[in-house]
Amino acid sequence: TKNFEGAGLGVALTKRLVELHGGRIWVESEEGKGSKFSFTLPVKHKAEPKTEEINTRLKLPEKPTVLIIEDDPNAIKVIESAVKNAGFEPIWAERGELGMEMAKEKLPSLIVLDLILPEMSGIEVAEALRANEKTSGIPIIVLTAMDISKEVGVQLNKTVNKVINKGSVTSDAFKEEIRKLVIARLEILPE
C-alpha cells in the first residue's frame with residue numbers, strides 16, 4: 001500500500017460542508033486496503049412551473065408545440081395525450097420527410113421521434129434535422145420499441161437528446177422528460 005500523510009484538514013472541511021448542506025459523511029476503512037469516504041446530500045425538488053407561468057415568464061403568445069413523428073396511430077394517441085397533459089400543443093407527421101418539413105416550418109420546441117418509420121428511418125430523420133440550420137437546435141426524444149444495438153446507440157447519442165424505450169417508461173416520467181426539454185429549449189431561445 002501507499003503511505004499518504006496529511007494534516008487531515010481536507011476531511012474536516014468536507015465533513016463540515018456536507019453537514020452544512022444537511023448531508024452525512026462516513027468512512028469505511030480496511031487495514032492494508034485503504035479507506036473509502038462516502039456522503040449523501042438531500043435533494044430538494046423545485047416545483048416545476050405551470051405551462052401558463054412558463055408562457056408568461058418567457059413572453060410566449062401561445063402554447064409551445066411538440067412535433068410527433070410517428071406512424072402508429074395508437075402510439076400517436078398516447079404521445080399526444082402525454083404532450084397535452086404536459087401543457088403543450090402536439091402536432092404530428094406520420095412520415096419522416098413530412099416531419100422534417102413541418103419541423104422547418106413550425107420550429108417546434110421539441111420533437112418526439114420513432115425510429116421505425118416508412119420511407120426513411122428515424123435515425124436518418126434525426127441526422128437530417130441536426131444538419132439543417134433551422135432545426136439543429138430543437139431537442140429530440142427518440143421513443144421506440146426497437147431493440148437498440150450498441151452501434152445504433154452510439155449513432156443516436158450524437159443526434160438526439162434522449163432515447164426512451166416505449167415499454168419502459170411511465171406516462172408521468174415521459175411527461176416530465178417532455179417538460180424538462182421544452183423548458184430548457186425555451187429558456188435558451190433569443191427574445
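The model is predicted: local features need pLDDT of at least 70, side-chain atom pairs count only at pLDDT 80 or more, and totals for chains, interfaces and linings use all residues. Residues are numbered from 1 along each chain as its sequence is written, and side-chain values use heavy atoms, with hydrogens and water left out. The largest nonpolar core has 22 residues.

**Sheet**

- Strands are DSSP runs of E with at least two residues, helices are runs of H or I with at least four, and both are numbered from the N terminus. Two strands pair if DSSP finds at least two bridges between them.
- Strand 3 and strand 5 run parallel and are joined by four bridges. Here valine 66 stands opposite leucine 110 in strand 5.
- Strand 5 also pairs with strand 6 in the parallel sense, over three bridges. Isoleucine 111 faces isoleucine 140 in strand 6, and valine 112 stands opposite isoleucine 141 in strand 6.

**Strand 5 and the cores**

- In a regular strand the side chains alternate between the two faces of the sheet.
- Leu110 and Val112 point one way from strand 5, Ile111 and Leu113 the other way, and all are buried. Buried means under 20% relative accessible area, exposed over 50%, and partly exposed in between (1.4 Å probe, protein chains only).
- A nonpolar core is a set of buried Ala, Val, Leu, Ile, Met, Phe, Trp, Tyr and Cys residues joined through side-chain atoms within 4.5 Å.
- Ile111, Leu113 and Val125 have the most contacts inside the largest core. Elements that each supply at least two of its residues include strand 3 (65-69), strand 5 (110-113) and helix 5 (122-131). Helix 5 gives the most, with four residues.
- A second, separate core of 17 residues includes Leu110, Ile141, Ile178 and Val182.
- Beyond its neighbours within four places in sequence, isoleucine 111 is in contact with Leu67, Ile69, Ala103, Leu129, Ile138, Pro139, Ile140 and Ile141. Contact means heavy atoms within 4.5 Å.

**Largest pocket**

- Helix 3 gives the largest share of the lining, six residues. Helix 3 (73-85) and helix 7 (171-188) are the elements that give two or more residues to this lining.
- Lining residues include Ala75, Asn85, Leu143, Lys166 and Phe174.

- Serine 38 is found in strand 2 (residues 34-40). Serine 38 is buried, with a relative accessible area of 15%. Leaving aside neighbours within four places in sequence, serine 38 is in contact with Arg24, Ile25 and Trp26.
- Glutamate 177 is found in helix 7. Glutamate 177 counts as buried at 15% relative accessibility. Not counting residues up to four places away in sequence, glutamate 177 touches Ile141, Lys162 and Ile164.

Methods
1 Å grid on protein atoms, 1.4 Å probe; cavity = no way out; pocket = protein on both sides within 12 Å on 5 of 7 lines; lining within 4 Å.
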